[in-house]
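Dear colleague,

I am handing over the structure we spoke about, and would be glad if you looked through it alongside my notes.

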Amino acid sequence: MLAIHTKGASFAAGWVEYCNINSIPFKEVDCFSSDIMNDLDGCSALLWHWSHIDYLAHLFARQLIASVEARGVLVFPSTATCWHYDDKVGQKYLLDSIGAPAVPSHVFYDRDRALSWLQQAAFPLVWKLRGGAGSQNVRLVRNFDAAQAIVRRSFGRGWRSSRFHALREKIWHFRRQPGLNNFSNIGRGLARVIVPHEIHRQQQAERNYVYFQDFVPENDHDIRVIVIGERAIAIKRMIRDGDFRASGSGLILHAKGEIPEECLRIAFDVTEKIDSQCCAFDFVRDGSRWSIIEISYAFSLAGYVDCPGFWKADLSWHPGAVRPEHFMIEDVVSRLNAKNILPR
Ligand SMILES: Nc1ncnc2c1ncn2[C@@H]1O[C@H](COP(=O)(O)OP(=O)(O)O)[C@@H](O)[C@H]1O
Ligand SMILES: [Mg+2]
């Protein structure tokens, strides 16, 4: 029997659909229940799409997953897959530890160390908070003075993401694609400025660390590769006008020919080294090579529905409809089969 947390985030619907199509028995569970360990009795795997915007999941997801694994239950996402999720600081250590081709990043837990490093740093730099998506917490820092102001605040009152961010994003999407839907989204964005979303209200201030990444110039796009087991899907995301950031722009190209093989090779290699079940990589072109800027086990499905196929680890191309959630659960089921723990 599989256990699936069905409430909330979006992979679960595809998992349930897969079970129904393939007559795989599953049980709906609630990972937020204090009785979750009892509820998992008789289950050989747990699937839970916990999302970075779920501030309650953040409180215990990693701890629950490690504990469920300790009793021999297979989890998607596994600890190795998600301990560094929504945590660019964790990702820096992990990518450095295996010598992955990543854009150099620098983290400081002390104001003076940060400032003395900045004295000799080359600008511009990219400053990021450790969490966040859609480019929300990513900013270009052009000179020492701007960096110094960031450091002061990082070791002072800290940062909460702007309540105007959602509105700015909605205006950008409307200008790119005017239409009734995007127009009414602006209305919702305005309402959120006046009455902030609970997610925003519950946000803790980010402080006592500062993270900078070398800026990689002259990229009008990034490449997003997602490896799920032995398969990879990929898209090319163009930057917004007058900006250096691609994530969240919604300007997506899906054609196979847009994706450099080097990105696929690196993505398969790193996924295997970090023992991840599912890993999305953002790449930028750094001189003569492709470099990773961040990784993530979760992603928004909407960007990938138009992918015309996927690659296998030998880089062979397999055209056809792509369902990332089906790939995830297919791997869980085949892992159980290999261990002879067939879901019953
Ligand atoms: N070091 C960098 N050099 C150049 N561009 C970058 C760099 N870091 C991020 N970007 C751009 O900004 C976007 C958002 O950065 P990213 O770290 O992926 O944050 P998020 O978690 O919001 O997706 C990326 O999609 C990329 O286009
Ligand atoms: Mg990104």
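Predicted model: local features only at pLDDT ≥ 70, side-chain atom pairs only at ≥ 80, totals over all residues.

The chain holds 12 helices and 15 strands. Its radius of gyration is 21 Å, close to the 20 Å that the globule rule gives for 344 residues, so the chain is as compact as a globular protein of that length. The C-alpha trace spans about 60 × 50 × 45 Å along its principal axes, and 49% of the 344 residues are buried. Of the contacts between residues at least 6 apart in sequence, 66% join residues at least 24 apart. The exposed surface comes to about 16,500 Å², with carbon and sulfur atoms supplying 51% of it, while the mean positions of the 41 positive and 38 negative charges are 6 Å apart.

Turning to the backbone, most residues other than glycine have a negative phi, and most peptide bonds are trans. Against that background, the peptide bond from F76 to P77 is cis, with omega near 0 degrees, and P77 is found in the loop between β4 (74-76) and α4 (79-82). A cis peptide bond also joins F123 and P124, with omega about 0 degrees; P124 sits in the loop between α6 (111-119) and β6 (125-128).

Two non-glycine residues with positive phi may also interest you. E218, with a phi of about 60 degrees, lies in the loop between β8 (210-214) and β9 (221-228) and, at 82% relative accessibility, counts as exposed. L315, with a phi of about 70 degrees, belongs to the loop between β14 (309-312) and β15 (317-319), but is buried, its relative accessible area being 15%.

Terms used: Residues numbered from 1 in each chain as written. Chains lettered and ligands numbered in written order. Heavy atoms only, no water. Helix = DSSP H or I, 4+ residues; strand = E, 2+ residues; numbered from the N terminus. Rg over C-alpha atoms; globule rule 2.2 N^0.38 Å. Buried < 20%, exposed > 50% of the residue type's maximum accessible area, 1.4 Å probe, protein only. Contact = heavy atoms within 4.5 Å. Areas by Shrake-Rupley, 256 points an atom, 1.4 Å probe, with all protein chains shown as cover. Lys, Arg positive; Asp, Glu negative; His and termini not counted. Charge placed at Lys NZ, Arg CZ, Asp CG, Glu CD.
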